[in-house]
Amino acid sequence: MEHLALDALAAFILLNAVIGMVTYVTLLERKFAARMQSRIGPYRVGPHGLLQPIADALKLMMKEDIVPRAADRWVYNLAPIVFLIPCVLIFATIPFAPRLGLADLNIGVLFFLAVSSLEIVGLFMGGWGSNNKYALLSAMRAVNQIISYDLPFVFAALIPVVLAGSLQMSAIVAAQQGLWFVAYPVIGQLGFVAFLVATLAAENRVPFDILEAESELVAGFRVEYSGMKFAIIQLGEYAHMIASSFLGALLFLGGWLGPGSDIPAIGVLWFLLKAMLVFLVVTWVRWSFVRIRVDQILAVSWKLLLPATLGLLLVTAFWVALRGGAGA
Amino acid sequence: MATVTFFVVAVLAVASALGLILKRNPIHGALFLVINLACVAVLYLSLGAEFLAAAQVIVYAGAIMVLFVFAIMVLIPGKEETGPDPRRAVRLLALPVGALLFVQLAMIVRPRDARVPPPPAGGSAESLGTLLFTDYLFPFELTSVLLLAAMVGVLVLARRRPS
Amino acid sequence: MIPAPPVNLAALAPTLVLLATAVLVLLLDLFPPRNDKTHLAVVSLAGVIGALLTALTRWGRDQRGFRDMVVLDNYALFIDVVICYAVALVILLSIDYLRREGVQTGEYYALVLFSASGMMLMASANDLVVVFLALELMSLCLYVLAGLFKQRLDAGEASLKYFLLGAFASSFLLYGIALTYGATGSTSFERIVAAASGPDRSVLFLVGLALMLVGFGFKISAAPFHMWAPDVYQGAPTSVTTLIATGSKAAGFAALMRLLLGALRGAQPDWGPLMWGLAVVTMTLGNVVAIAQSNLKRMLAYSSIAHVGYMMVGLVAGGTSGAGAILYYLFAYTFTVAGTFGVLTLCARAGEEAVEVEEYAGLGRRHPLLAGMLTLFLLSLIGIPPLAGFVGKFYLFGAAVQHGYLWLAVIAVLNSAIAAYYYLRVVVFMYMREPEAAGAQWTPSFAGGVALAVAAAGIVILGVMPAPFADLAQSAVATLVR
């Protein structure tokens with residue numbers, strides 16, 4: 001029983017850490033975007049705008065909660081929670097330093113892929129339950145996109161798995177002790193790029209954000225949501241984004257490895273630094289590229305990314321076989 | 001602890017399965033199916049078959065989405081054309097047949113002589129992979145032929161012919 | 001590293017020939033000519049003949065492979081030969097048929113070959129997992145082929161019905177396999193034998209058996225799982241209908257026989273009475289409903305259901321004589337049905353397929369040779385001596401009498417008498433009626449003519465001197481029945 005209580009406590013701490021991170025990552029993104037556009041960004045609330053996220057959260061919480069009369073009530077109300085659960089659950093398997101994580105499952109990567117693929121259910125519930133044509137169109141587009149990009153995403157994530165010979169996150173990091181996977185000639189770099197592109201699509205970020213394309217669909221599947229429910233959806237979206245950044249850092253950038261990473265605290269710092277780097281790259285893309293059309297999105301996936309990642313995976317497997325086995 | 005988990009998940013699984021067949025709205029049905037499949041995944045997990053649980057979620061999450069789209073495009077939920085069932089009389093058979101199946105089920109559950117050997121090395125990805133590439137090599141390769149044939153078939157049916 | 005498992009490719013030889021040809025056809029399809037695919041048919045035919053020769057040279061040399069999941073014994077080889085003949089006839093019939101219908105694709109031949117390799121694997125499968133996968137390989141291709149004529153409404157109906165009901169039946173089969181695994185602890189036929197021979201079999205096992213029978217019943221279109229057959233036979237391209245009626249039925253029976261007479265022979269008291277009842281229902285329903293049909297394809301669909309009933313008589317009888325009779329009947333039936341549907345494939349009226357009985361009025365005067373052929377095939381279906389159909393029925397019903405199923409044999413003979421009515425009606429139309437409008441015309445086709453000649457020769461040879469073939473069939477099942 002005591003064991004259970006400890007687990008619960010650890011989960012509680014992690015959950016709050018995630019929420020805290022999400023809150024401040026939004027500020028990071030806004031500041032970064034502002035710099036790209038030669039602005040200053042949030043500055044007034046607190047020193048250098050540091051309290052801005054808290055103000056935003058308070059504002060959202062106090063807003064009126066509106067349920068459209070024609071909505072499919074149960075589905076509409078449950079959607080944000082169903083959306084949030086997998087987004088938070090994926091953090092369970094991410095180790096922040098050796099032995100510092102909730103559960104270092106021996107199928108860690110697979111767990112990540114499995115749980116994050118559930119996110120689309122909540123998204124679809126929101127789009128359907130709102131009983132709004134924009135929301136529904138957005139949900140259909142999302143399904144289209146997710147089905148198309150799941151495969152390249154999985155194949156790209158499998159490249160480090162094959163190199164390390166394990167699905168366990170900590171084992172994958174350990175295998176990068178000598179050389180980070182991103183530094184492996186050709187396969188590492190191409191794999192990382194493919195991973196980033198697939199991540200962008202899985203998170204529905206620019207240039208793959210047709211499902212919320214504000215010029216045609218207003219705000220996509222969340223157009224009818226307001227107040228706390230809207231906040232929960234935002235939370236889930238950013239949580240997913242951060243989790244993907246963590247995954248990228250773990251799979252390709254050596255996780256917590258770095259000078260002085262024998263001390264857990266420094267390891268965690270390295271890890272967070274790398275993850276934020278991935279996050280900033282994603283944000284950078286967001287503020288520099290234009291949205292592309294549906295058919296282009298599908299073409300990129302099926303005609304370019306899928307064959308490319310599949311080929312990379314094959315080459316990786318050959319290489320590992322020639323080397324005589326996986327691992328460091 | 002394990003027993004409690006089992007009963008909670010089992011009740012949830014049965015309830016969602018009932019919801020799936022009792023709800024008229026196909027979207028609601030599909031959502032109940034999601035719950036049901038997730039419960040089965042949790043049951044796999046509690047049996048130590050981690051890989052199977054993850055595969056269940058990955059495979060069915062995608063399948064469910066296809067089902068959603070299919071339901072919307074083909075059935076147009078909320079606008080079903082429901083006339084009187086032309087085979088009303090057949091429905092009367094449902095009760096005795098259902099009762100018969102239930103009795104059978106009860107008889108299956110009663111004797112506890114399941115002779116399935118316990119999994120040799122747990123449900124890890126490694127043991128599963130070893131099995132697939134040794135004992136079950138032929139079914140595994142046959143599956144690839146099956147998928148190739150299915151792919152060719154889909155192309156034949158889906159391709160638009162300039163005529 | 002995982003140690004490489006032993007691989008015995010010899011146990012797959014005929015199947016591998018077909019698969020390789022299928023892939024070759026897919027590749028050749030990339031090259032010109034684009035509008036004519038006759039060369040692919042020739043390649044496919046060469047592959048089928050290659051597989052046939054491979055199967056013949058393997059005779060008498062048992063091969064096992066992949067931890068006994070695949071067995072290439074004489075039984076499997078006999079079925080392989082039957083399937084090769086069926087597929088060869090289908091390909092010959094397809095060439096000019098597809099050209100006339102304006103649907104020439106290379107994938108057609110590839111899918112036929114894929115499907116055929118699935119059929120062969122069903123005959124060789126010695127493990128429930130392989131049975132299921134082979135069955136799916138065969139079925140998936142047939143679902144697609146049934147809907148090949150995309151512009152036609154009834155083709156879409158046929159394909160969708162076949163697919164949905166087939167998937168449903170597959171899930172029954174799969175559920176049955178799962179329960180059988182639960183009851184016996186294995187999917188391997190060898191280990192199921194031991195578990196099924198015990199004095200008391202669990203309810204779990206019986207339910208598993210029943211569910212598997214439902215799945216197989218669908219594939220061989222036994223009543224009451226036959227509902228799909230008429231619609232699919234009618235809507236599918238006639239060449240594909242031929243394949244469904246011959247090859248897929250032979251494959252279904254092959255797997256069912258290895259399961260029931262081989263792995264589950266100890267459970268005969270359980271499934272025997274069930275098959276008895278199914279056999280009676282199947283043949284009676286098929287024959288009675290066939291009388292009311294005016295569409296020839298539908299009529300032949302019901303007739304094929306009836307013939308499945310006859311073959312199930314052999315299954316009930318069991319033993320070397322019963323099982324051998326089924327093999328012989330499958331061989332004879334393949335030629336007969338391929339010939340009958342072959343005539344239908346080659347007949348058209350104003351560019352449309354001729355499928356109504358009325359359209360065949362006066363065919364005896366317009367095309368005496370073709371009408372003669374059709375008469376020959378129909379007489380064999382009735383079971384008139386000295387044609388193959390008669391000998392096949394003789395062996396089947398004889399086996400039933402020999403094993404003490406006198407009543408079953410009597411019912412089967414009565415059914416054959418009913419069947420004569422609707423077959424002869426077609427003959428009457430051909431020779432004694434005048435067409436009201438323009439009747440069916442023969443599409444000149446060399447390949448089709450060859451196919452009909454082969455089928456007719458097969459019927460006559462099998463009918464006039466059945467003994468060597470019957471002996472071969474008996475010896476083939478010897479290892480199976482033991």
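## Chain B at a glance

Among contacts in chain B between residues at least 6 apart in sequence, 53% join residues at least 24 apart. Keep in mind that this is a predicted model.

Chain B is built from seven helices and one strand. Chain B has 163 residues, and 21% of them count as buried.

## Where chain C meets chain B

Now let's look at how the two chains touch. Chain C gives 32 residues to the contact, and chain B gives 26 residues. On the chain C side, the elements that give two or more residues are α1 (13-28), α4 (106-124), α5 (128-146), α6 (153-184) and α8 (203-219). The largest share, nine residues, comes from α5(C).

What classes of residue does the side of chain C that touches chain B have? There are 23 nonpolar, six polar and three charged residues.

## Two helices side by side in chain C

Next, find helix α3 (residues 74-101) and helix α13 (residues 319-346), both of chain C. They pack at an angle of about 5°, and their axes are 10 Å apart. Angles under 35 degrees count as roughly parallel, so α3(C) and α13(C) are roughly parallel to each other.

You can trace this contact in the structure. From α3(C), the residues are C:F78, C:V82, C:Y85, C:A86, C:L89, C:L93 and C:Y97. From α13(C) come C:L327, C:L330, C:F331, C:T334, C:A338, C:G342 and C:T345. By class, the contact between α3(C) and α13(C) has eleven nonpolar residues, three polar ones and no charged ones.

Notes
Residues are numbered from 1 along each chain as its sequence is written. Chains are lettered from A and ligands numbered from 1 in the order in which they are written. This is a predicted model: local features need pLDDT of at least 70, side-chain atom pairs count only at pLDDT 80 or more; totals for chains, interfaces and linings use all residues. Two residues are in contact if their C-beta atoms, placed from the backbone, lie within 7 Å. Helices (H or I, at least four residues) and strands (E, at least two) are DSSP runs, numbered from the N terminus. Ala, Val, Leu, Ile, Met, Phe, Trp, Tyr, Cys and Pro count as nonpolar, Asp, Glu, Lys and Arg as charged, and the others, Gly among them, as polar. Axes are lines fitted to C-alpha atoms, for helices over the stretch in contact, and angles run from 0 to 180 degrees between N-to-C directions. Angles under 35 degrees count as roughly parallel, over 145 as roughly antiparallel, 65 to 115 as roughly perpendicular and the rest as oblique. A residue is buried if 20 or more other C-beta atoms lie within 10 Å of its own, exposed if 12 or fewer, and partly exposed in between; C-beta atoms are placed from the backbone.
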